Amino acid sequence: MEQPESHEAAATADGVNRRRLLAGVGGLLAAGGAASLLASPAAADPSTRPDRDGRVEALLGKMTLEEKLGQLQLVGTETAARAALATGQLGGVFSVVGAAKLNALQHIAVEQTRLRIPLIFGLDVIHGYTTNFPIPLAQGASFDPAVAATDATVAAKEARRSGIHWTYAPMMDVTHEPRWGRIAEGYGEDPHLASRMAVAKVRGYQGDDYSSPDRLAACAKHFVAYGGAEGGRDYNTVDVSLQRLHNLYLPPFKASVEAGVATVMASFNTISGVPAHGNGYVLHDVLKGAYGFRGFVVSDYTGVEELILHGLAGDGADAAAAALPAGVDMEMVSTNYVRYGRRLLAEHRITRDQIDDAVRRILLVKVKLGLFEHPYVDESGEVKAPSPAALAASRQAAGRCMVLLKNDGPVLPLAKSVRSVAVVGPLGAATYDLNGTWAGLGTGAWTTPPVTVADGIKAAAPGATVTFTAGCTVDGTDTSGFAAAQQAARAADVTVVVVGETAAMSGEAAARSNIDLPGVQQQLVAATKETGKPFVVVLVNGRPLTIPYLHDNAPAVLEAWAPGVQGGHAIADVLFGVVNPGGKLPVSFPRAVGQIPIYYNHENTGRPADPANKYTSKYLDLESGPLYEFGHGLSYTTFRVDGLRLSATRMPARGGRIQVSAQVTNTGGRAGDEVVQLYLRDPVASIVQPVRRLRGFERVTLAAGASETVSFTLTPEDVGFYDNAARFRVEPGEIEVYVGTSSAATLTARFTVT
Ligand code: BGC
């Protein structure tokens with residue numbers, strides 16, 4: 001075995017890398033800066049246990065350099081896995097499904113390699129394994145972390161029992177970019193909402209102990225600022241100030257590390273000139289340093305190799321020499337660590353300590369997964385279809401995610417006694433499109449096709465005549481089916497027009513430059529309107545759409561997102577009022593694509609938009625503000641929020657605490673849900689603050705006429721922010737509090753930070 005490298009070599013390799021990276025982020029991080037970001041690193045991982053660490057050290061002590069480099073390799077096919085196993089150089093496999101296949105690979109690792117180190121098996125279990133839940137963006141709309149926790153709990157059980165150990169979820173990229181297809185995979189535009197949902201999901205996957213046969217190791221992704229892709233084009237450049245990096249993009253990751261997330265995935269983008277895969281500031285200094293993350297960092301798919309095309313590395317060896325010291329522990333698909341590790345070590349471009357640290361982190365997760373005791377899965381327990389309980393959970397979750405954008409008349413809910421319903425629109429009989437992007441096992445044999453909207457309506461109104469007429473395709477130009485759709489609408493009591501996007505129109509590499517309803521679907525809505533008969537529009541989509549036409553012309557609009565395997569039933573539940581919608585928008589809906597980025601948590605300019613003053617921040621040709629604001633969502637009942645109270649008018653910057661409470665009353669005629677939302681604004685600060693930022697929310701269910709007091713506790717952490725040296729500051733002064741039912745809440749109070 002090789003002799004350890006000298007400390008000098010370690011310092012040099014690390015020093016070069018760090019200098020380069022710090023320069024890349026503006027070199028703003030002072031020596032002590034990172035330490036001031038956070039509480040003590042040791043507190044971050046409650047599962048630290050000396051026996052586990054001892055076991056890892058003992059194993060590490062026996063490993064050759066080749067074996068160590070092998071642990072850093074992750075491959076994505078069975079063929080690649082077998083080839084790598086033949087050389088004894090493989091740490092994990094992803095995207096291979098099937099208990100028997102996985103066991104076969106594990107047998108080779110455990111019986112035919114020298115140290116018998118088990119493989120870790122990963123998969124993108126994003127919103128379900130066999131049971132698809134609504135897409136994450138929809139889950140964000142539930143404003144109910146329990147929805148994310150349920151999805152993760154159900155998925156973890158199904159996947160782990162089928163041989164998977166590790167999911168590449170939750171995705172928690174905050175974004176202001178509805179053109180970006182991957183907005184579907186995260187929780188929208190707000191870091192507080194994204195943090196709460198991500199933490200719930202991490203806990204749902206991992207439980208208290210992810211060695212359990214019902215749990216998975218989670219992966220917080222994509223680290224970091226992937227949602228800032230310029231123009232919404234996937235993988236694109238992100239140039240971001242340190243304050244925005246820390247205030248907007250990093251909070252869900254920090255919260256997930258505090259919740260014990262096992263792994264983190266690096267992102268494809270650059271961060272202020274330095275690709276994440278070679279960015280020692282974010283990976284080494286912030287994640288592993290300031291946040292005290294003890295798990296391992298996996299690259300994204302060929303992310304290490306892509307450092308060449310980014311222009312950070314001249315060749316594969318260079319790429320490995322940038323990525324490993326920066327903090328990428330495991331290389332997905334590309335093979336530069338195993339190929340060049342020995343050479344780079346000899347050339348002092350990486351150090352033995354860096355290799356050991358990466359191996360140690362990977363082995364620790366394998367130990368925590370219990371893989372050394374239980375490398376194989378019981379093939380008889382493999383889950384190939386959703387259980388009735390899982391289906392019921394998915395249906396309930398989908399109902400909680402839907403957002404009633406508009407309901408004039410009100411047209412909804414539909415009467416159960418309706419005699420005839422025309423379902424019109426290309427998504428009215430869609431199956432897999434209802435699952436949206438990253439649907440568990442895809443469209444394969446083990447995936448139950450989702451219930452269509454037409455079938456859901458038939459089941460909900462068994463006495464009614466329900467017809468289906470597509471009218472057009474989702475993105476075609478042919479309008480010849482409009483006449484049949486109009487005929488169906490004329491013949492029915494009410495028409496449900498189901499339009500939106502196919503599953504492939506959002507998700508990875510699915511940016512759209514135009515986020516109107518694709519094809520001639522808007523014209524189909526217009527054709528339906530022409531009949532003069534009552535109708536409602538149901539949207540199935542993975543991102544905000546520009547729908548001023550619907551707002552102006554459709555009597556009711558229900559945002560159903562991609563609702564998952566029980567989609568049709570869940571939509572019918574809401575249409576017929578079995579479920580009273582209570583979801584809220586986790587992202588602003590723009591009026592027009594030219595207005596993007598438009599988000600509620602923006603900074604003020606020195607000339608905030610004023611329609612009466614030309615020289616203010618706005619467009620000549622468009623009304624200011626979004627079509628639907630963040631936090632917006634209606635119900636079949638009505639609510640009032642009043643009685644705002646603060647427990648104190650002063651909050652000491654150290655150890656202060658203020659209780660904010662308000663009363664929410666159901667003022668309508670039926671039970672329903674309201675999400676009480678708390679926003680703060682710091683009107684005078686050394687870094688200008690967002691005009692509002694969400695710091696609390698609670699979804700309550702109230703019977704008609706009932707009231708409830710909702711309370712939030714604010715601490716200095718809620719009023720502070722990171723500055724451009726990445727220091728967390730709590731500044732003295734006034735804080736405005738807003739409480740209400742959307743980001744446009746008007747009920748307000750103030751307190752002073754002292
Ligand atoms: C995506 C990741 C995903 C990985 C593995 C990549 O293309 O960016 O989110 O986890 O593939 O499938």
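I began with the lining of the second largest cavity and found 13 residues there, with Thr502, Ser506, Asn541, Gly542 and Ala562 nearest the centre. I note that the model is a predicted one. For the volume of this second largest cavity I have about 60 Å³. I sorted its lining by class: five residues are nonpolar, six polar and two charged.

Next I looked up helix α2, residues 50-62, against helix α15, residues 352-368. Their axes are 9 Å apart and the packing angle is about 130°. From α2 I listed Arg52, Asp53, Arg55, Val56, Glu57, Leu59 and Leu60 in the contact. From α15 I listed Asp356, Val359, Arg360, Leu363, Leu364, Val367 and Lys368. By class, I have seven nonpolar and seven charged residues in the contact of α2 with α15, and no polar ones.

Last I took helix α13, residues 316-326, with helix α14, residues 336-346. I have their axes coming within 9 Å and crossing at roughly 85°. Angles of 65 to 115 degrees count as roughly perpendicular, so I put α13 down as roughly perpendicular to α14. On the α13 side I found Gly316, Ala317, Ala320, Ala321, Ala323 and Leu324 in the contact. On the α14 side I found Asn336, Tyr337, Tyr340, Arg343 and Leu344. I sorted the contact of α13 with α14 into eight nonpolar, two polar and one charged residues.

Technical notes: Residues are numbered from 1 along each chain as its sequence is written. This is a predicted model: local features need pLDDT of at least 70, side-chain atom pairs count only at pLDDT 80 or more; totals for chains, interfaces and linings use all residues. Side-chain values use heavy atoms; hydrogens and water are left out. On a 1 Å grid over the protein atoms alone, a cavity is a set of points where a 1.4 Å probe fits but cannot get out, and a pocket is an open set with protein on both sides within 12 Å along at least five of seven lines; lining residues have an atom within 4 Å of a point. Grid points are joined across faces, edges and corners, and a volume is the space filled by probe spheres set on the points. Ala, Val, Leu, Ile, Met, Phe, Trp, Tyr, Cys and Pro count as nonpolar, Asp, Glu, Lys and Arg as charged, and the others, Gly among them, as polar. Axes are lines fitted to C-alpha atoms, for helices over the stretch in contact, and angles run from 0 to 180 degrees between N-to-C directions. Helices (H or I, at least four residues) and strands (E, at least two) are DSSP runs, numbered from the N terminus. Contact means heavy atoms within 4.5 Å. Angles under 35 degrees count as roughly parallel, over 145 as roughly antiparallel, 65 to 115 as roughly perpendicular and the rest as oblique.
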